[in-house]
Amino acid sequence: MVVAAGVVIAAACGLTDEGVVGRADGVTVQVEAGPHSVLTAVVEVESDDPVRPALAATAEDGHTVQVPARGPAATEHELALVGLRPETEYALTLTGSSALAEASEGLRIQTGVLPEDLPAVVVEADGRAAEGA
């Protein structure tokens, strides 16, 4: 396992000091912790042939963060995973080609804990504090 900026990254398909690497049939997938938060990750995709990858990060409890395919097919992509929950393990799945799916097989990330000094946030609507605040 690799710990980077509070995100623990592990993969059955290949682990490096830079994060997780998945490879299959002309596709390389690199997963690294997001630079600003334990609740983010960056997935870089390089392929021999142009692809339009879409990404899903799915937790055991069903929470899913999706990054839809955007832009034209290309050989290099950087996908930002934002909206992950703290202290949660996610399985990553790339779609768009069979090689993308194979390269992402076994990719998993574990998000870190939130900082202890994180300030409380109160959301107000019409001058009233939201329920649960």
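**Figure 1. Burial and overall make-up of the protein chain.** Of the 133 residues of the protein chain, 38% count as buried; buried means under 20% relative accessible area, exposed over 50%, and partly exposed in between, with a 1.4 Å probe and protein chains only. This is a predicted model in which local features need pLDDT of at least 70 and side-chain atom pairs count only at pLDDT 80 or more, while totals for chains, interfaces and linings use all residues. Residues are numbered from 1 along each chain as its sequence is written, and side-chain values use heavy atoms, with hydrogens and water left out. The chain holds one helix and 13 strands, where helices (H or I, at least four residues) and strands (E, at least two) are DSSP runs numbered from the N terminus. Their order from the N terminus is β-β-β-β-β-β-β-β-β-β-α-β-β-β. Among contacts (heavy atoms within 4.5 Å) between residues at least 6 apart in sequence, 53% join residues at least 24 apart.

**Figure 2. The largest nonpolar core.** This core has 24 residues, and those with the most contacts inside it are Val-29, Val-43, Leu-55, Leu-81, Leu-92 and Ile-109. At least two core residues come from each of S5, S6, S7, S8, strand S9 (74-82), strand S10 (89-95), helix H1 (98-104) and strand S11 (107-110). S6 gives the largest share, four residues. A nonpolar core is a set of buried Ala, Val, Leu, Ile, Met, Phe, Trp, Tyr and Cys residues joined through side-chain atoms within 4.5 Å. In soluble globular proteins, nonpolar side chains tend to be buried together. Not counting residues up to four places away in sequence, Val-43 touches Val-29, Gln-30, Val-31, Leu-55, His-77, Glu-78, Leu-79, Leu-81 and Leu-92.

Figure 3. Strand S7 (residues 54-59) and S8 run antiparallel and are joined by four bridges; two strands pair if DSSP finds at least two bridges between them. Ala-56 of the protein chain stands opposite Gln-66 in S8. Four residues lie between the two strands of the hairpin, in which Gly-62 takes a positive phi near 100 degrees.

**Figure 4. Ser-47 in strand S6.** Ser-47 lies in strand S6 and is buried, at a relative accessible area of 9%. A polar atom of the Ser-47 side chain lies 2.6 Å from the backbone oxygen of Asp-49. Neighbours within four places in sequence aside, Ser-47 is in contact with Gly-26, Val-27, Ala-74 and Thr-75.

**Figure 5. Val-38 and Pro-86.** Val-38 sits in the loop between strand S5 (27-33) and strand S6 (40-51). The relative accessible area of Val-38 is 14%, so this residue counts as buried. The C-alpha atoms of Val-38 and Pro-86 are separated by 7.1 Å, although the two residues are 48 residues apart along the chain.

**Figure 6. Salt bridges.** The count comes to two salt bridges, each a side-chain nitrogen of Lys or Arg within 4 Å of a carboxyl oxygen of Asp or Glu. In one of them, the side chains of Arg-85 and Asp-61 meet at 3.2 Å, N to O. Arg-85 lies in the loop between S9 and S10 and Asp-61 in the loop between S7 and S8, so this pair ties together parts that are 24 residues apart in sequence. Arg-85 is partly exposed, with a relative accessible area of 38%, and Asp-61 is exposed, with 56%. Glu-89 forms a salt bridge with Arg-108, with the closest N and O atoms 2.5 Å apart. Because Glu-89 belongs to strand S10 and Arg-108 to strand S11, the pair ties together parts that are 19 residues apart in sequence. Glu-89 is partly exposed at 35% relative accessibility, and Arg-108 is partly exposed at 36%.

Figure 7. Most residues other than glycine have a negative phi. Asp-25, a residue other than glycine, has a positive phi near 40 degrees. Asp-25 is placed in the loop between strand S4 (19-24) and S5 and is exposed, with a relative accessible area of 71%. Glu-87 is not a glycine either, and has a positive phi of about 50 degrees. Glu-87 is found in the loop between S9 and S10 and is exposed, with a relative accessible area of 54%.

Conventions:
A polar contact is a pair of N or O atoms within 3.5 Å; within protein, one must be able to donate a hydrogen and the other to accept it, and residues adjacent in sequence count only if both atoms are side-chain atoms.
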